[in-house]
Amino acid sequence: MTLHIGDVAPDFEADTTEGHIRFHDYIDGKWAVLFSHPKNFTPVCTTELGYTSKLKDEFDKRGVVVLGLSVDALSDHAKWADDIRETQGYALNFPLIADHDKTVATLYDMIHPNASDTMTVRTVFVIGPDKKVKMSLNYPASTGRNFDEILRVIDSLQLTAQHKVATPVNWKPGEDVIIVPAVSDEEARQKYPEGWKAPRPYLRIVPQPH
Ligand code: BEZ
């Protein structure tokens, strides 16, 4: 099943390194990141999971729960967690789903058979408090993801969920943002009485609202 932005992220039950969960209960009312990695005891995955653990305070600050997934068994997850701590300097601090029967991977289209029919690709879903998919991406097994970019996307999503703005190319928190086209100039004047920069009528730039 292909999941699109705006679709409800499917519910499931699964065993994880932090116990059995029902996904919708686990993420209830929160932002969530669900990501797959191809296989335990592999080098790129080891670096990704160490770095994601390092970012725990950043995810917490944004009210985001993180879940990882691979199609390995729960007993393998526990053994591999020691390697992650020892080699990356950060102990695993989020649940890792043991999807050995590929139920969740299939539900979320994380297996791309022309890449591999046994391992998941590197998929990321960012899910909103309404349980809808806000962002998804797929990377091949050979390319480690940039989890700082995932945080940047979450910052943009959380900003645009609160204000009628969009974020421009390469935006970083604190930089100027764009008033979305659906907002008329009249409505924009009420929110931004000091005005905006408009190099074109459709390109209205304001400081980031807080
Ligand atoms: C890795 O994490 O290094 C990896 C996993 C599966 C295939 C290729 C690389």
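Predicted model: local features only at pLDDT ≥ 70, side-chain atom pairs only at ≥ 80, totals over all residues.
User: What percentage of the residues of the chain count as buried?
Analyst: Buried means under 20% relative accessible area. The chain has 210 residues, and the share of them that counts as buried is 43%.

User: Among contacts between residues at least 6 apart in sequence, what percentage join residues at least 24 apart?
Analyst: A contact here means heavy atoms within 4.5 Å. Take the contacts in the chain between residues at least 6 apart in sequence. The part that joins residues at least 24 apart is 65%.

User: Which elements give two or more residues to the lining of the largest pocket?
Analyst: The largest pocket has a volume of about 150 Å³. Its lining consists of Glu18, Tyr26, Thr52, Lys56, Phe59, Asp60, Val64, Val65, Val66, Asn93, Phe94 and Pro95. Two or more of the lining residues come from each of helix H3 (56-61) and strand S4 (64-70).

User: How many residues of the lining of the largest pocket are charged?
Analyst: Glu18, Lys56 and Asp60 are among the lining residues, and Asp, Glu, Lys and Arg count as charged. The lining also holds 7 nonpolar and 2 polar residues. The charged ones number 3.

User: How far apart in space are Lys56 and Phe94, C-alpha to C-alpha?
Analyst: In sequence they are 38 residues apart. In space, C-alpha to C-alpha, the separation is 8.3 Å.

User: Which backbone oxygen does the side chain of Thr16 reach?
Analyst: Thr16 belongs to strand S1 (residues 13-16). A polar atom of its side chain lies 2.8 Å from the backbone nitrogen of Glu18. At 2.7 Å, the Thr16 side chain reaches the backbone oxygen of Gly19.

User: Is Thr16 buried or exposed?
Analyst: Beyond four places in sequence, Thr16 is in contact with Ile21, Leu74, Pro95, Leu96, Ile97 and Ala98. Its relative accessible area is 3%. The cut-off for buried is under 20%, so Thr16 is buried.

User: Which residue has a side-chain N or O atom 2.9 Å from an oxygen atom of the ligand?
Analyst: The ligand is surrounded by Pro38, Thr42, Pro43, Val44, Cys45, Met119, Arg122 and Ala141. Val44 has a backbone N or O atom 2.7 Å from a ligand oxygen. For Cys45, a polar backbone atom is 2.8 Å from an oxygen atom of the ligand. The side-chain atom at 2.9 Å belongs to Thr42.

User: What is the phi of Lys102?
Analyst: Lys102 lies in the loop between strand S5 (96-98) and helix H5 (103-107). With 25% relative accessibility, Lys102 is partly exposed. Although Lys102 is not a glycine, its phi is positive, at about 65°.

User: Is Asn170 buried or exposed?
Analyst: Asn170 is placed in the loop between strand S8 (165-166) and strand S9 (177-179). Not a glycine, Asn170 has a positive phi of about 60°. Its relative accessibility is 61% and exposed means over 50%, so Asn170 counts as exposed.

User: What separates the C-alpha atoms of Ile154 and Asp82?
Analyst: Ile154 lies in helix H6 (residues 147-162) and is buried, at 0% relative accessible area. Leaving out residues up to four places away, Ile154 touches Val33, Phe59, Arg62, Val64 and Val126. Asp82 is 72 residues from Ile154 along the chain, and the C-alpha separation is 29 Å.

User: Which residues does His163 touch, not counting residues up to four places away in sequence?
Analyst: His163 is found in the loop between H6 and S8. It is buried, with a relative accessible area of 13%. His163 and Ile179 are 9.0 Å apart, C-alpha to C-alpha. The residues that His163 touches are Lys191, Pro209 and His210.

How values were computed. Residues numbered from 1 in each chain as written. Heavy atoms only, no water. 1 Å grid on protein atoms, 1.4 Å probe; cavity = no way out; pocket = protein on both sides within 12 Å on 5 of 7 lines; lining within 4 Å. Points joined across faces, edges and corners; volume = space filled by probe spheres on them. Helix = DSSP H or I, 4+ residues; strand = E, 2+ residues; numbered from the N terminus. Buried < 20%, exposed > 50% of the residue type's maximum accessible area, 1.4 Å probe, protein only. Polar contact = N/O pair within 3.5 Å; in protein donor to acceptor, adjacent residues only side chain to side chain. Near = heavy atom within 4 Å.
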